[in-house]
Amino acid sequence: MRRLSLAAGVSLAVFTLAAPLFLERGTLNDVWSLAFAVILASAWNILGGFAGQVSLGYSAFLGIGAYTTVLLSLKGMDPFLSLPIGAVLAAIFSVAIGLPAFRLRGPYFTIATIGVGEAVRVCASSVSFTGGSSGLRMPAGSFDFTRNYEAMAVLAILTVVVAALVKRSAFGQALAAIKQDIDAAEALGVNSTRFKLGAHALSAAIVALAGSLYAINFQYIAPGSVFDFRLSLSIVLMPIVGGVGTIAGPVLGALVFSTLQIKLLSIPALRDSYLFIYGTLLIVVMLFEPKGILGLLRRVFNRRLRRFYADA
Amino acid sequence: MQDIAGVLVNSVISAALYATMAYGLAVIYGVMRIINLAHAGLMMLGAYATFSLFTRFGLDPFLSLLVVGPLFFLFGVVLYRLVVRRLPRSGATPSMESLLLLFGVWLVLQNFAYFIWTGDTQSILTAYTMKSVAVLGVRVGVPSLFVFAGSVLSLVFLNVVLKTTYLGKAIRAVTQNRDAALLAGVDADSISAVAFGLGTAFAGVAGGMLSTLYAFTPDFGRSFLLKAFCIIVLGGMESVTGVAAGALVLAFLENGLSAWTTLPTSFQDAVSFTLLFVTLVAFPQGLPGLFARLRTAFR
């Protein structure tokens with residue numbers, strides 16, 4: 001099973017990197033969205049899945065990355081050079097938010113993060129240097145979609161690799177302990193706040209990088225687009241639907257979601273029912289298979305395997 | 001510059017409404033250890049139900065609360081029986097599954113509202129919407145006064161139910177200790193259904209009252225959910241007086257800041273959120289914890 005998923009992952013990575021060679025622009029755009037979704041889902045999963053701290057405020061980090069890139073580019077900086085700055089800013093912000101918010105446990109933390117997202121969006125639309133609610137445009141310059149695409153693809157692959165490394169490391173073990181029983185983890189000497197802050201900062205930085213690349217590709221950002229609650233929402237839904245706390249789950253969830261979104265957007269009648277679909281998906285997953293699609297696949301696969309051995 | 005009486009009167013009026021919103025959340029939390037994220041969606045639906053009764057049948061928004069309340073109670077019971085009951089039961093702290101499940105319910109409700117009432121901003125305009133009267137020398141809008149009366153009535157109703165009926169006793173028993181209540185012969189499942197219905201009814205009534213004060217869209221309710229949550233964190237989840245005190249503190253801060261500072265109104269919603277964070281950092285036990293600490297400090 002593990003070897004199988006590794007092979008699937010590597011071939012997916014190779015396909016994504018080589019896609020510009022044989023895919024036309026329209027399809028490539030869809031793969032770009034997929035890579036974007038994979039980054040967001042896998043990064044969120046580091047805190048939300050591995051450590052079990054479900055945050056609904058991740059659009060804040062995306063927005064920080066996007067705004068940093070646009071503002072610095074307007075000052076004359078190369079957009080790609082601004083990427084690390086946005087990531088560092090997002091990480092700092094995540095720690096500032098996390099210090100009070102991680103005093104809360106479970107659902108209380110989640111609700112507080114809704115507040116973070118709201119507050120950031122309100123601030124971004126009210127202050128002047130962000131261009132207010134009308135948003136900001138990137139300075140006119142060379143626009144190279146293939147380069148933007150490759151950057152997003154590389155980041156997506158790196159994110160999945162980083163997530164896999166984190167899961168296997170001592171760091172990941174500590175996060176898993178926090179998820180299972182935070183009091184027991186504390187009793188064993190795990191400084192839960194420090195590990196949660198670390199996971200938060202890492203995932204925030206990755207999401208900010210994706211936000212920067214988003215801004216570079218779309219050339220225009222506004223609080224209504226990058227700080228949208230719907231964005232925070234889909235960031236959470238993808239890993240949960242795919243299989244929370246795993247490596248392949250968020251990728252699977254992102255795959256399902258971006259296909260769904262592309263298909264939904266092309267049908268005018270269904271365009272306005274995405275909330276219904278997201279909501280129903282969430283209800284169904286929570287009631288019937290909290291481990292998501294991956295959990296379902298595993299169950300089916302295991303049953304097949306068991307039957308196979310029983311027959312043999 | 002507004003005088004202190006104005007801020008106080010307005011604070012008491014909004015506090016009553018805030019307490020109504022927060023109680024709905026608190027009853028459900030108490031009995032089931034679930035944080036009802038769908039509360040926001042239910043408030044929004046309450047606003048639209050009132051709106052529809054007003055535009056279709058010309059029913060006064062405050063009279064329609066008598067329809068909305070029971071209707072939402074039934075809706076809550078059905079929601080509990082169909083969906084919420086199937087969840088694995090939360091332990092001492094609410095489970096993540098319940099939170100996400102009810103989040104899903106909220107999304108479905110939102111989409112339902114978009115489908116029926118579209119995304120246009122709606123508001124209810126009655127003959128008295130723009131009228132105001134003087135209370136203690138302060139001009140107060142007539143709808144606000146009605147909202148105050150409606151909130152006080154619903155809070156009194158809830159307290160009478162909780163204090164004098166068997167049902168109320170059972171709800172309090174399950175809140176205190178579910179297993180002990182079960183041993184004493186309380187049908188905890190039915191009580192949970194009733195509690196969920198009550199919480200939903202309170203959300204609907206609060207939403208109906210909000211609709212007379214604010215314009216609303218299907219996205220309505222998120223900032224009020226945050227306010228209700230802030231009140232509960234401030235006042236403690238289980239104490240009735242705590243919720244009232246938390247509501248007063250939040251309402252006073254909001255009104256005071258808008259009267260005495262030049263804070264733009266778009267930041268008004270951020271008050272509850274900032275208060276939430278300050279509470280968590282400075283006194284995570286909420287107001288009861290703060291008072292306990294003050295008492296020991298000044299002894």
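Author: In this model, 29 residues of chain A are in contact with 33 residues of chain B. The model is predicted, so local features need pLDDT of at least 70 and side-chain atom pairs count only at pLDDT 80 or more, while totals for chains, interfaces and linings use all residues. Residues are numbered from 1 along each chain as its sequence is written, and chains are lettered from A and ligands numbered from 1 in the order in which they are written.

Reader: What makes two residues count as in contact?

Author: Their C-beta atoms, placed from the backbone, must lie within 7 Å. On the side of chain A that touches chain B, the elements giving two or more residues are helix H5 (106-126) and helix H13 (274-288) of chain A. H5(A) gives the most, with 11 residues. Helices here are DSSP runs of H or I with at least four residues, and strands are runs of E with at least two, numbered from the N terminus.

Reader: Which kinds of residue make up the side of chain A that touches chain B?

Author: That side divides into 18 nonpolar, seven polar and four charged residues. Ala, Val, Leu, Ile, Met, Phe, Trp, Tyr, Cys and Pro count as nonpolar, Asp, Glu, Lys and Arg as charged, and the others, Gly among them, as polar.

Reader: Why is A:Val236 called buried?

Author: A residue is buried if 20 or more other C-beta atoms lie within 10 Å of its own, exposed if 12 or fewer, and partly exposed in between. A:Val236 has 28 other C-beta atoms within 10 Å, and therefore counts as buried. This residue lies in helix H11 (residues 229-242) of chain A. Leaving aside neighbours within four places in sequence, A:Val236 is in contact with A:Trp44, A:Gly48, A:Val54 and A:Leu56.

Reader: How do you know that H14(A) is hardly covered?

Author: Among the 20 residues of H14(A), the count of buried residues is two. In chain A as a whole, 48% of the 312 residues count as buried.

Reader: How do you know that the radius of gyration of chain A agrees with that of a compact globule?

Author: The radius is taken over C-alpha atoms, and the globule rule is 2.2 Å times the number of residues to the power 0.38. With 312 residues the rule gives a value near 20 Å; chain A has 20 Å, so the two agree. For the 299 residues of chain B the rule gives a value near 19 Å, and chain B has 19 Å, which agrees.

Reader: What makes E1(B) and E2(B) a pair?

Author: Two strands pair if DSSP finds at least two bridges between them. Four bridges join strand E1 (residues 132-135) to strand E2 (residues 138-141) of chain B, and the strands run antiparallel. They therefore meet the requirement of at least two bridges. E1(B) and E2(B) form a hairpin with two residues between them, and B:Leu136 in the turn has a positive phi of about 50 degrees. B:Val135 stands opposite B:Val138 in E2(B).
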